[in-house]
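Please consult the sequence and the three-dimensional view while reading.

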Amino acid sequence: MKEFTCIVCPNGCSLVYDEAKHTCTGNKCPRGAKYAETECTNPQRTICSSVKTTLKEYPVISVRTSHEIQKKLIPDVMKEINKAVVKDYLPINSVVIPNVLGTGADIITTTTMVKGENK
């Protein structure tokens, strides 16, 4: 059995997941049970990071994955993010790395880069 505090909604339910029976207790909504099962069988995370640029106003730009990826892939995805270099001004949600490592997730910008301005 594994214990979790659910982070899906503001309730913060204390969950207990029985891996042998694939059952969850303590959840006040169905999302908690799904969260506990996913955490035990295939943990997922969103990555937030930054990418280097060649632009004077923006030495780096903040990025994130467009959706969650398998937790075990985080080190390999971070290697890809660290290799990337942005060479142009981009609006928010621009794809920097499409389908990173075949995960179906894109690495996207989280801010708009404006020429002549540094936020």
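I7 is placed in the loop that runs between β1 (2–5) and β2 (14–18). The model is a predicted one. With a relative accessible area of 65%, I7 is exposed; the cut-off for that class is over 50%. Between the C-alpha atoms of I7 and R31 the distance is 9.7 Å, while 24 residues separate the two in sequence. Both I7 and R31 belong to the lining of the largest pocket.

## The largest pocket

The largest pocket holds about 270 Å³ of space. Its lining is made up of I7, V8, R31, K34, Y35, T38, E39, Q44, R45 and E68. Two elements, α1 (30–41) and β4 (44–45), each give two or more residues to this lining. Helix α1 gives the most, with five residues.

By residue class, the lining of the largest pocket comprises five charged, three nonpolar and two polar residues.

## Cysteines

How many disulfides does the model contain? The count is zero. For C6, the closest cysteine sulfur is that of C9, at 5.6 Å, which is too far for a bond, because a disulfide requires the two sulfur atoms to lie within 2.5 Å. C24 is likewise in no disulfide, and the cysteine sulfur nearest to C24 is that of C6, 8.1 Å away.

The surface exposure of two of these residues can also be stated. C6 has a relative accessible area of 6% and is buried. C24, at 18% relative accessibility, also counts as buried, since that class covers values under 20%.

## Nonpolar cores

The largest nonpolar core consists of 17 residues, and V51, V63, V77, I81, V96, I97 and I107 have the most contacts inside it. The elements β6 (60–65), α2 (74–83) and β9 (95–97) each give two or more residues to this core. A further core lies apart from it and has nine residues, including F4, L15, Y17 and A36.

Within the largest core, V96 is one of the residues with the most contacts. Leaving out residues up to four places away in sequence, V96 touches V51, V63, A84, V86, L90, I107, I108 and T109.

## Residue S94

S94 lies in the loop between β8 (85–86) and β9. Is S94 buried or exposed? S94 is buried, with a relative accessible area of 13%. Residues up to four places away in sequence aside, S94 touches I107, I108 and T109.

## Positive phi angles

Most residues other than glycine have a negative phi. Two residues with a positive value are described here. H22 has a phi near 55 degrees and lies in the loop between β2 and β3 (23–25). At 54% relative accessibility, H22 counts as exposed.

For L101, phi is near 50 degrees, again a positive value in a residue other than glycine. L101 is found in the loop between β9 and β10. L101 has a relative accessible area of 45% and is partly exposed, because that class covers values between the cut-offs of 20% and 50%.

## Residue K83

K83 itself is exposed, with a relative accessible area of 59%. The C-alpha atoms of K83 and C9 are separated by 35 Å, and the two residues are 74 residues apart along the chain.

## Residue V114

Where is V114 found? V114 belongs to the segment that follows β10 (107–109). Its relative accessible area is 31%, which places V114 in the partly exposed class. When neighbours within four places in sequence are left aside, V114 is in contact with Y58 and Y89. V114 and V86 are 28 residues apart in sequence, and the distance between their C-alpha atoms is 14 Å.

Methods
Residues are numbered from 1 along each chain as its sequence is written. This is a predicted model: local features need pLDDT of at least 70, side-chain atom pairs count only at pLDDT 80 or more; totals for chains, interfaces and linings use all residues. Side-chain values use heavy atoms; hydrogens and water are left out. Helices (H or I, at least four residues) and strands (E, at least two) are DSSP runs, numbered from the N terminus. Buried means under 20% relative accessible area, exposed over 50%, partly exposed in between (1.4 Å probe, protein chains only). Contact means heavy atoms within 4.5 Å. On a 1 Å grid over the protein atoms alone, a cavity is a set of points where a 1.4 Å probe fits but cannot get out, and a pocket is an open set with protein on both sides within 12 Å along at least five of seven lines; lining residues have an atom within 4 Å of a point. Grid points are joined across faces, edges and corners, and a volume is the space filled by probe spheres set on the points. Ala, Val, Leu, Ile, Met, Phe, Trp, Tyr, Cys and Pro count as nonpolar, Asp, Glu, Lys and Arg as charged, and the others, Gly among them, as polar. A nonpolar core is a set of buried Ala, Val, Leu, Ile, Met, Phe, Trp, Tyr and Cys residues joined through side-chain atoms within 4.5 Å.
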